[in-house]
Amino acid sequence: MRKGQGKVRSTVARRSGEGPSGRWGRRDFLRASGVCSGAALLSGLLPTLRASAAGPGAQNLFIIGAAQGTDMTTWRPESPDLVTDGLPYQHEPLQDYLQNILILDGIDNISAFTADSEGMPPNGGHEGTGALLTGTTVRRVGDREVYNGPSVDEVLGRRIEQRCVELGETPPPIRALRIGRAKGIADENAPDVPGSLASYSSFFWQDPLVSAPLLWGPWFAYEAMFANLGVSEDELRRLRAKQRSVLDALTGELGRVRGELVVEDRERLDAHLDGIRDLEQKLDNILECVPPDIGVSPEHIGQWSSTHMDEVVMATFQVVNTAFACGVTHVAGYQLRRQEGVADELLADPDYAERYAGIDSMDLHGQAHSMPAGCGSNCGAGDDVPEEQRALARQCFADLWRWTASRIKTGFLDAVPDYVRDNMIVVHLSEMSEGGTHSNYNVPVTVFQGDDVGYFETGRAFKWGGFDVFENFRPSDDPGQPSTKLLVSLCHAMGFDDIEHVGDPSFSTGPLSEVMA
Amino acid sequence: MSALRSLCVLSVLSALAAGCYQGVDGSEPAAAGTESGDVTAGSSGGADTEPGGGDDAGSIDGCEGTCAGEAPMQLMRRSQVIGVIRQAFGAAADEVPFNLVPADASSGLFPANYLPADATRVEAYHSFAERAAAELVRAIGCDDELCVEDEVRRVLPILFKREAIEEDVQIYLGQMARPQEYDGASWTADDGFGQVLTLALQSPQFLYRIEVGEETDDPAVRRLSGHEMAARLALALWNQSPSAELRALAAEGALDTEEGVADVVRDMLADPRADALAIGFFESYLGIDHFGEHARYLDGAAVAEDYPGLPEVAADMQAETEAFVTHVMRSGSSMRELFAADYSFASEALATYYGLPTGPVNEEGLYRLELSGTPGRAGVLSHGAVVGAHTTIEPYRAAHRGTFLAKNVLCIELPPPPADIVIPDIPVGLPPREAFEQMTDSQTCAGCHNIINPLGFLFENFDAGGRYAEIYPEFDTAVDASGRLPSGDDVEGVAELGAALAENEQAQRCMARRLFEFTLERTPNDRDDAYIDDAYERLLASDLNLGEVVVSLLSSDASRLRVLPQE
C-alpha cells in the first residue's frame with residue numbers, strides 16, 4: 001500500500017544553493033560526475049556538431065607549465081607532417097600518441113612584450129610566466145609585479161560552473177585544480193622574501209592582481225579533494241552496487257531489444273550500449289575516489305626534496321587523473337618547479353647522470369643565460385661559461401623537456417581511463433622559448449587532443465613567423481601568432497565557442513583558426 | 001535603449017548571418033527568382049506524382065518501391081519523455097526534475113533526435129533516471145513489495161508504449177532484490193522500487209521509439225504494426241504513450257488501414273490532449289520557443305524604461321499565443337483563422353498593455369480580445385510573443401521578422417552570407433525602416449534583402465515590445481508598413497499579411513511541409529514530396545483545415561511504412 005505522508009521536497013531544490021565552496025560528500029561526487037561540463041552541454045544540445053569537423057568539445061583541460069623554455073633546436077619539428085616524418089627529439093616519448101599530437105611552433109607570448117613595469121624590458125623574460133595564460137601585461141603594485149588575470153583555467157572553470165547552474169546541475173567541486181610551486185628557489189616557504197621571483201612567476205591567476213593559490217604538490221591536492229568526504233567506503237560501495245545492478249540489467253535489456261531490431265537500427269543501439277559501458281567505467285572510477293596510494297609523503301612535499309621529483313611529478317599526474325575521472329574538476333594546471341628542480345631528478349637518472357656529470361643544477365639557470373653564441377641584452381650571468389659547458393646546458397634543457405614528455409606519457413596519458421583520455425586536451429608549454437635569450441617569442445607549445453574531441457588538427461605541426469632560435473626578436477614583417485589566440489582556441493575546444501578573447505582584447509580576438517580540424 | 005542595443009548586437013549579427021546577402025560569389029537566395037512563389041526547401045515541386053497507396057509497399061511514379069523517405073530509429077523528443085512520465089505517474093511526476101532531461105538534438109526547425117545517443121547523452125539519461133526515480137519513490141510512497149509490483153505492472157506498458165511482456169516485468173521486479181553488498185545494511189521496499197524505476201527510466205524501450213514493423217514485398221520497407229502505429233500517433237499528437245483505448249483499437253486492427261488510421265487521428269485531434277501538438281508545433285513554427293531567452297533580456301532596466309510594463313507581461317504574451325493556437329486547433333483548425341482571426345486571448349494585464357478592451361473570460365482565465373475594428377491586429381502574427389521573439393534592436397527589426405517569415409512560414413532557404421561581410425553602421429537620425437533600407441541597399445546585400453525587407457517591413461507598426469503604433473514616436477513620422485510577398489502580392493501591415501498568407505500557395509505548401517517535419521519527426525527528402533503534395537491538396541479541399549493536413553500525413557505511407565536507412 002502507499003504511504004500516507006506528503007511529498008518530499010526535491011533534493012535538487014535543496015541543493016541549489018550550494019556552490020563549489022561548500023562541503024562536498026561522495027554522493028555529490030557521484031552526482032557531479034561531469035554531466036554539466038561545457039562539453040557535455042554542447043554535445044547534448046548540438047550533437048550535429050559531432051558529425052562535423054568542429055567536434056563536440058573536450059571535457060577536461062590539463063595545462064602543464066614548464067618555466068624557462070627549452071632548447072628550441074631539438075624541440076622544433078622539421079616537417080609539418082608528424083605522422084609521416086616523425087616527432088622531434090624532445091617529443092619522441094609521445095610517439096604512441098603521434099596522431100593526437102599538435103606542435104605549435106611560432107606562438108608569441110604577446111602580452112609579455114608590453115610589460116609596463118619600470119625597468120622591465122619590452123620582451124619580458126620571466127614576466128612571461130604570468131602573461132602567458134592571462135593574456136595581460138604585468139603591473140607593478142608596490143614592490144610586486146602582478147597580472148590583470150584571470151588565466152584561462154580560471155575563465156573556463158567559471159564558465160563550467162555557470163553552465164551547471166543554468167542546467168540546474170551540481171557544479172564540479174573544484175573550479176580549477178592547480179598544483180605546483182610558483183615560487184623561486186629562495187622563497188618556497190617564505191613568499192615575501194625580497195628579490196624572489198614569486199610575484200611574476202605563477203602561470204595561474206584567479207583574478208586581476210590575484211594569483212591562484214597553488215596546491216603545493218600532490219599530497220595537498222589530494223587532501224583538498226578528498227579529505228572532507230562524508231560517506232563511508234562501505235556506503236560508497238553499496239551505492240555503486242546499486243548502480244552496477246541497474247546498468248547490468250540495462251545492458252542485458254539492450255541485448256534483448258537489439259535482437260528484435262532490424263539490422264539498420266542495431267548500430268544505434270550499439271552506440272547506446274557503448275555509452276553505457278563508458279558510464280560503467282566512469283562509475284567504477286568514481287569508486288576509486290577512495291584515496292589512491294600516491295606514494296609521496298607530506299614531508300617530501302613540504303621540504304620540496306629534489307631527490308623525489310620523479311615521484312612528485314608522477315603522483316601529481318595520478319591526482320589529476322583521479323580528479324578528471326571522478327568529475328572533481330574539468331580544468332587542471334600543473335606548474336613544474338623551475339627547471340633547476342626538475343634537473344636534479346634528471347641528473348640523478350642513470351640514463352642521464354653520466355652525460356651531465358659536469359652540470360650543477362643550481363647553476364643551470366645562470367648557465368642558460370649564456371647559451372646562445374651571440375646572446376642579447378639579457379645575457380650576462382654565464383658569459384664566462386666555456387662553450388662546451390654551454391652546449392651541455394642546452395642539451396640538458398632539451399632532455400628536461402623530453403623527460404617531462406615521457407612522464408606525461410607514462411604517468412598520465414597511459415594511466416587515465418579511456419573515457420577521460422578520449423575527451424581531454426593536455427597542453428605542455430613554457431613562457432619563453434630559450435632560457436639563454438629569455439625570449440617570449442616563439443614559445444614551445446605541445447598539445448595532446450583525445451580521439452573524440454575533434455577540435456584541433458592533430459598529427460601535425462604548424463609554424464609561423466621568421467623566428468631564429470638565436471635571435472631575441474622576430475622580423476616585424478614575418479610575425480608569429482599571438483598566444484592570446486591559443487587561449488581562445490582552448491576555450492573553443494572546451495565547447496565555449498562564444499568566448500571571443502581571453503585577457504586584453506587589444507592583443508587579439510578569436511581563435512587560431514588555422515589549427516582547427 | 002543603449003543597453004538593449006549592446007545586448008542585442010550578437011543576435012543581430014547572427015540573424016543577418018542567417019542568410020541575408022547576395023554573396024560576392026554571385027550566389028542567389030533560393031527563392032530570389034521564384035516569383036511564382038514555389039516552395040524551395042528541398043521540394044521537387046512536383047504535384048503530379050502520386051504517393052503509394054493501399055496496404056502494401058506500393059510503387060509510385062518516379063520512385064522505386066515506396067516513395068517515403070528513410071526513417072531511422074530515434075530517441076523520443078524531450079517533450080515526449082516528459083509527457084509519457086507525466087502520463088505514467090500523474091501527480092507524483094510533479095516532483096520529477098524535468099530540467100535534467102537532455103535537450104533535443106535537431107538542428108532543424110523542430111526538435112528531434114536524428115543522431116545516435118553518444119556517451120554524454122547516455123550519461124545524462126542515467127543521471128536523470130536516478131534522480132527522477134528517487135523523487136517518484138518518495139511521492140508514490142509504496143511501503144511493501146506488493147504495492148511496488150502493482151506499480152510496475154501499471155507503469156511499464158505506459159513507459160514502453162506497448163503491452164508489458166511478463167519477462168520484462170519479472171526482470172524489473174528482480175531489481176527489488178537486496179544486493180549482496182547490502183547484507184547487514186538497511187534495504188527497504190523503497191530501495192527496490194528506486195532500482196526498478198531507475199532502470200525503467202533509462203531503458204531503451206522507454207527512451208526510443210522502436211518500430212520493428214512487419215515485412216513487405218520490398219525488403220527495404222517495413223509496415224508498422226498496429227501497436228507501433230498507436231505509439232507513433234500518441235507521441236505525435238499527444239506527447240504520450242498510447243492509451244488503453246488506443247491499444248485496444250490497435251489490437252482490433254483499426255490501425256491497419258489508411259482509412260482506419262485517418263479515423264483514429266481525427267478522433268485524437270478532437271481530444272484535449274492534442275493541445276500538445278498545437279503548442280509543440282506552433283512554438284517552433286512561430287519561433288517563440290526561444291521567447292524565454294528574449295524575455296530574459298527584457299528584464300533589463302533600460303528595456304523596462306523603453307517599454308514600460310513589458311517585463312511584467314512577457315509570460316502572458318507566451319500564454320496568449322498558446323491559448324490562441326490551441327483554440328484554433330480545437331475549433332476547426334482553420335489556417336485562415338490562424339493568420340487572420342479577429343480575436344485573441346489575453347490576461348487583463350496584457351490587454352491593458354495592448355490598450356485593448358476585454359471580453360468574456362475563457363476556461364484558462366484569459367479574456368477574449370475582440371480585434372475587429374482594431375487597427376493592425378489580426379491573427380497570430382500580431383501577437384506580442386511572435387513580434388517580440390523576432391525583434392531585438394529596433395533598427396534591425398525588419399531583418400529578424402523578414403527572415404522568420406521567409407524561413408518558417410514560406411520555406412525559403414537563404415544562403416549563408418559571405419564570410420567577409422561588413423555590417424554597416426546604423427545611420428543616425430533615421431526611422432527604423434529608412435535606416436535599415438539604407439543599410440541594406442548595396443548590391444552585396446540586395447540579393448537576400450529584396451526578399452527579407454519587404455516581408456519584415458510588414459510588421460513595422462510593432463516595436464520590440466509588441467506595441468502597435470502608426471507613428472514612429474521618436475521621429476514623429478508615419479510608419480510605412482507596406483511590403484510584398486514573394487508571390488508579388490502587395491500588402492500592408494500584419495492584418496493584411498495574415499489574410500494574404502492564408503490564401504497564399506507558398507505558405508500553404510510550406511505549412512504542409514512543416515507539419516510533415518513535426519509529426520513524422522524527420523526532414524522530408526524528394527521522395528516525400530508526393531505526400532506533402534497530397535497534404536496540401538487536402539488542405540485546399542478541406543477549406544484550409546490544418547487538422548486534415550495532419551490526418552493526411554499520419555495516415556499516409558510516409559507514416560505507416562518505414563523505409564529502412566540504406567548504407
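Me: What should I know about the numbering and the model before I start?
Reply: Residues are numbered from 1 along each chain as its sequence is written, while chains are lettered from A and ligands numbered from 1 in the order in which they are written. The model is predicted, with local features needing pLDDT of at least 70, side-chain atom pairs counting only at pLDDT 80 or more, and totals for chains, interfaces and linings using all residues; side-chain values use heavy atoms, with hydrogens and water left out.

Me: How many salt bridges are there over all chains?
Reply: The search of the whole structure finds 50. A salt bridge here is a side-chain nitrogen of Lys or Arg within 4 Å of a carboxyl oxygen of Asp or Glu.

Me: Which residue does Glu521(B) form a salt bridge with?
Reply: Its partner is Arg77(B), and the closest N and O atoms are 4.0 Å apart.

Me: Is Glu521(B) buried or exposed?
Reply: Glu521(B) is buried, at a relative accessible area of 2%, and Arg77(B) is buried with a value of 2%. Buried means under 20% relative accessible area, exposed over 50%, and partly exposed in between (1.4 Å probe, protein chains only).

Me: Which residue meets Asp94(B) in a salt bridge?
Reply: That is Arg86(B), at 3.1 Å from N to O. Asp94(B) is partly exposed at 49% relative accessibility, and Arg86(B) is partly exposed at 39%.

Me: And what about Asp463(B) and Arg467(B)?
Reply: Their side chains meet in a salt bridge of 2.8 Å, N to O. Asp463(B) is buried with a relative accessible area of 13%, whereas Arg467(B) is partly exposed at 26%.

Me: Back to H22(B). How many residues does it have?
Reply: H22(B) has 16 residues and reaches 22 Å from its first C-alpha to its last, close to the 22 Å expected at 1.5 Å a residue. The expected span is 1.5 Å times one less than the number of residues. H22(B) is mostly covered, with 15 of its 16 residues buried.

Me: What caps its N-terminal end?
Reply: Asn504(B) does, with a side-chain oxygen 2.9 Å from the backbone nitrogen of Gln506(B). After H22(B) comes Glu521(B), whose phi is positive, near 55°.

Me: New topic: what is the order of the three strands in the open sheet of chain B?
Reply: The order is S3-S4-S12, with antiparallel pairing. Strand S3 (214-215) and strand S12 (561-563) stand at the edges with a single partner strand each, so one side of each is left without a neighbour in the sheet. Two strands pair if DSSP finds at least two bridges between them.

Me: How many bridges join S3(B) to S4(B)?
Reply: Two, and S4(B) covers residues 221-223. Glu215(B) stands opposite Arg222(B) in S4(B).

Me: What does chain A contain?
Reply: Chain A has 18 helices and twelve strands, and 62% of its 517 residues count as buried. A network of salt bridges links Asp153(A), Glu154(A), Arg158(A), Glu161(A), Arg175(A) and Arg178(A).

How values were computed
Helix = DSSP H or I, 4+ residues; strand = E, 2+ residues; numbered from the N terminus. Polar contact = N/O pair within 3.5 Å; in protein donor to acceptor, adjacent residues only side chain to side chain.
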